[in-house]
Amino acid sequence: MPADLADVCTMQCVLFNGMWASRASIKSNAASLKEFYAFMVAKAKVTQEDLDDLKTQIKEEMPEWLATLARYDDPDIDDPAEVWGL
């Protein structure tokens, strides 16, 4: 399902890149994922509805992804649960 894929692909920027993650890299990852899904629609591997759902989720979730990054970069936050909003 595209919704799960968007979360995984975008947030892995923070998880795996750590201090190299940035607002720009998260936005770039999201844009790349949308481009990939558009390609997959053109190849009839996913539906236009899948692409539309992905775009909607990225639009809705981007503020939280960026807020998570800000918490990750905040030196005053020591508790990982607070970083990830748990």
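Ala44 is found in the loop between H2 and H3, where helices (H or I, at least four residues) and strands (E, at least two) are DSSP runs numbered from the N terminus. This is a predicted model, in which local features need pLDDT of at least 70, side-chain atom pairs count only at pLDDT 80 or more, and totals for chains, interfaces and linings use all residues. Residues are numbered from 1 along each chain as its sequence is written, and side-chain values use heavy atoms, with hydrogens and water left out.

The phi angle of Ala44 is near 60°, a positive value in a residue other than glycine. With 64% relative accessibility, Ala44 counts as exposed; the term exposed applies over 50% relative accessible area, buried under 20%, and partly exposed in between (1.4 Å probe, protein chains only).

**The chain as a whole**

The chain has four helices and zero strands, and its elements run α-α-α-α from the N terminus on. Of its 86 residues, 31% are buried. Among contacts with a separation of 6 or more, 53% join residues 24 or more positions apart, a contact being heavy atoms within 4.5 Å.

**The nonpolar core**

The largest nonpolar core holds 14 residues, of which Ile26, Tyr37, Leu54, Ile58, Met62 and Trp65 touch the most other members. Such a core is a set of buried Ala, Val, Leu, Ile, Met, Phe, Trp, Tyr and Cys residues joined through side-chain atoms within 4.5 Å. Helix H2 (23-42) and helix H3 (48-73) each supply at least two residues of this core. The most comes from H3, with seven residues.

**H2 against H3**

H2 and H3 pack with their axes 10 Å apart, at an angle of about 175°. H2 is therefore roughly antiparallel to H3, a term for angles over 145 degrees. The axes are lines fitted to C-alpha atoms, for helices over the stretch in contact, and angles run from 0 to 180 degrees between N-to-C directions.

By class, this contact has 13 nonpolar, one polar and five charged residues. On the H2 side, the residues include Arg23, Ile26, Ala30, Leu33 and Val41, and on the H3 side they include Gln48, Asp50, Leu54, Ile58 and Leu69.

**Around the loop**

Tyr37 is found in helix H2 and is buried, with a relative accessible area of 8%. Met40 also lies in helix H2. Not counting residues up to four places away in sequence, Met40 touches Lys45 and Val46. Two C-alpha distances are set out below.

| Residue pair | Separation along the chain | C-alpha distance |
|---|---|---|
| Tyr37 and Thr47 | 10 residues | 9.0 Å |
| Met40 and Leu51 | 11 residues | 8.9 Å |

Notes. Angles under 35 degrees count as roughly parallel, over 145 as roughly antiparallel, 65 to 115 as roughly perpendicular and the rest as oblique. Ala, Val, Leu, Ile, Met, Phe, Trp, Tyr, Cys and Pro count as nonpolar, Asp, Glu, Lys and Arg as charged, and the others, Gly among them, as polar.
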